[in-house]
Amino acid sequence: MKLAIEIKDICKEYRLGTVNHKSFQKDFQLYLNKIFKAIGLNYNNNKFQHINEKILALKNLSLNIEKGKKIGLIGKNGSGKSTLLKIISGITAPTIGEVYLTGRVSSLLEVGVGFHGELTGRENIYLSGSIMGIKKNHIDNFVTEIIEFSEIHKYIDTPVKRYSSGMIVKLGFAVSTIFESEILIVDEVLAVGDKNFRKKAMDKMLKICEKGNQTVLFVSHNMDMIKEFCEQCVVLEKGELVYFGDTNNALNVYNSL
Amino acid sequence: MLSDQERILSSKNKSLKEAFREVLNSYELIFFLVKRDFVILYKQTVLGPIWYLLQPIITSFVFLIIFNKFAKLSTYEIPGILFYMIGNIAWVFFSTSFNSVSLTLINNADLYRKVYFCRLAPPIATTIVHLIKFFFQFLLFIALYLILIINGYKTKIDFSILYLPLFLIHLTILVFSIGLLVSSVTIKYRDLVFALSFGVQMLMFATPVVYSFQSIPEKFKFFAFINPLMPIFENIRNCLFGAPFIDFNYYLTSLLITLIVLVFSVKTFLNYEKSFIDTI
């Protein structure tokens, strides 16, 4: 089976604390140490070591995800789910390790990427689409479908700032799901919108899942939804992989954490 | 839109070639970002871009009165109003685009945080927006030029005006490069934004905006080697009036500095772009 995502031994490091004159002193000191080392002097000043300590949000994570699989990603708050999704979608790079991807990644981390209040619905479709890497002529073909799906025919040429928050979510969801991508990341977006729309969004998700060629990464705290959508699950705990495999077993592992 | 293109995400920097190819592939994104900035600017205004024409006219008149009439700085056979206007609109292009480019990463942080796209697209789009504003103002300058010619001004304009696009591209690349460099450096420490916005104000007096290069005392002319803006500004003005170009050595130095800064700043940016979102 072909792999859609191949994660090799990645770590992600974050700095704690704020950026201020102390962190500057530390950076400056590190820089000086580097220069001293380069010219052969061994001068190590650790006066600022305690400032901005580092934390590993992901520790030596390796994962192979096959093409077309619907994978649930579960774990408590702070287990590294979002960090992993950020790395897969290319927003931030891993500190160590590599991720191999085949195809375009689209993410529903947040709906309405790049939406600007002053632009009309239509202008936002084009802006948001091109930010997600879609070609203009491809967007042209899908505009009507997006408008239909988001149920905002009348308002499409009105600035988005006059929309209700529900309308913005609908439009955002439509824009991010209608363009096909090989890898789709879904992060609890389905919690927004009215009841009818939620059902529609859910159907859309199911349709994506049934088609079979799209790899889906689904993050949720709602275990019923995970059960419904996902064949396999990844359980994360404190940045480490605890379990990867069958959904039912994964849920047991998760509940026993 | 389905593709089997394989990508590797790691802590390694992109090469200049890869970055260049990515920018070329993102031309549509750059177009929509430029469009966004323009639409936002003129939404709910009646006069729209005309506001951009008022400002250089007023500033040029003020410059004319202060520097030409009071301070008696010679404009060397060039009508004062045209002399100050071209200097002023080119300077405003430089200073405003420098400020905006150096803030693009901070201003677009929300966007960068949500999705991956060509990281260089917003700074490039910002530069283009300011270039377009410059062209609006340049049209005004041409209109004024023609009015003066009709009223009897005998211009010496010649074929050297064909070099104008070259000088404008040069200026654009320079402002983009230093703006990009500052934007990469200010990801973590924002102090530089304050220091430099003041520095740019001072830099105007070290650049032939309100005076001509010929007015500089001989012993200070070496400044043209240090300040790469000096030869560009002098040449932009001179090619519009058929005046002789600045000594070629000055211009060549400026060109070299520009290319070095461009490569250096793009390299720096590529080093920071992978995970600046963790710091900004």
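This is a predicted model: local features need pLDDT of at least 70, side-chain atom pairs count only at pLDDT 80 or more; totals for chains, interfaces and linings use all residues.
Me: What makes the meeting of Lys12(A) and Asp278(B) a salt bridge?
Reply: The N to O distance between these side chains is 2.7 Å. The cut-off is 4 Å between a Lys or Arg nitrogen and a carboxyl oxygen of Asp or Glu, so the pair qualifies.

Me: What else makes up the contact between the chains?
Reply: Chain B brings 35 residues and chain A brings 53 residues. Together they bury about 3900 Å², with 58% of it on carbon and sulfur atoms. There are also nine residue pairs in polar contact between chain B and chain A, counting pairs with both residues at pLDDT 80 or more.

Me: Which elements of chain B give two or more residues to the side that touches chain A?
Reply: They are β1 (6–10), α2 (27–42) and α5 (109–114) of chain B. The biggest giver is α2(B), with seven residues. By type, this side of chain B divides into 16 nonpolar, seven polar and 12 charged residues.

Me: How do you know that β4 of chain A and β1(B) are paired?
Reply: Strand β4 (residues 96–102) of chain A and β1(B) share five bridges in the antiparallel sense. Pairing asks for at least two bridges, so these strands count as paired. One place to look is Thr102(A), which stands opposite Glu6(B) in β1(B).

Me: What is the order of the strands in the sheet that includes β1(B)?
Reply: Its four strands run in the order β2(A)-β1(A)-β4(A)-β1(B), with antiparallel pairing, and the sheet is open.

Me: Why are β2 of chain A and β1 of chain B said to stand at the edges?
Reply: Each has a single partner strand, so one side of each is left without a neighbour in the sheet. From one strand to the next, the twist averages 20 degrees.

Me: What holds for β1 of chain A and β2(A)?
Reply: Strand β1 (residues 3–15) of chain A pairs with β2(A) in the antiparallel sense over nine bridges. Since at least two are needed, this is a pairing too. Within it, Ile7(A) stands opposite Leu63(A) in β2(A).

Me: Which helix of chain A packs on this sheet?
Reply: Helix α2 (residues 81–88) of chain A does, touching β1, β2 and β4 of chain A together with β1 of chain B. The direction of this helix makes about 120 degrees with that of β1(A).

Me: What makes the pairing in the sheet of six strands in chain A mixed?
Reply: This open sheet has the order β5-β6-β7-β3-β8-β9. Strand β3 (residues 70–74) and strand β7 (residues 215–219) of chain A pair in the parallel sense over four bridges, whereas β8 (residues 232–237) and β9 (residues 240–246) of chain A pair in the antiparallel sense over six bridges.

Me: Where in chain A is a hairpin, and which residue in the turn has a positive phi?
Reply: The hairpin is formed by β8(A) and β9(A), with two residues between them, and Lys238(A) in the turn has a positive phi of about 50 degrees. The bridge partner of Gln232(A) is Asp246(A) in β9(A).

Notes
Residues are numbered from 1 along each chain as its sequence is written. Chains are lettered from A and ligands numbered from 1 in the order in which they are written. Side-chain values use heavy atoms; hydrogens and water are left out. Contact means heavy atoms within 4.5 Å. Buried area is the accessible area (1.4 Å probe) that two parts lose on being put together, summed over both. A polar contact is a pair of N or O atoms within 3.5 Å; within protein, one must be able to donate a hydrogen and the other to accept it, and residues adjacent in sequence count only if both atoms are side-chain atoms. Ala, Val, Leu, Ile, Met, Phe, Trp, Tyr, Cys and Pro count as nonpolar, Asp, Glu, Lys and Arg as charged, and the others, Gly among them, as polar. Axes are lines fitted to C-alpha atoms, for helices over the stretch in contact, and angles run from 0 to 180 degrees between N-to-C directions.
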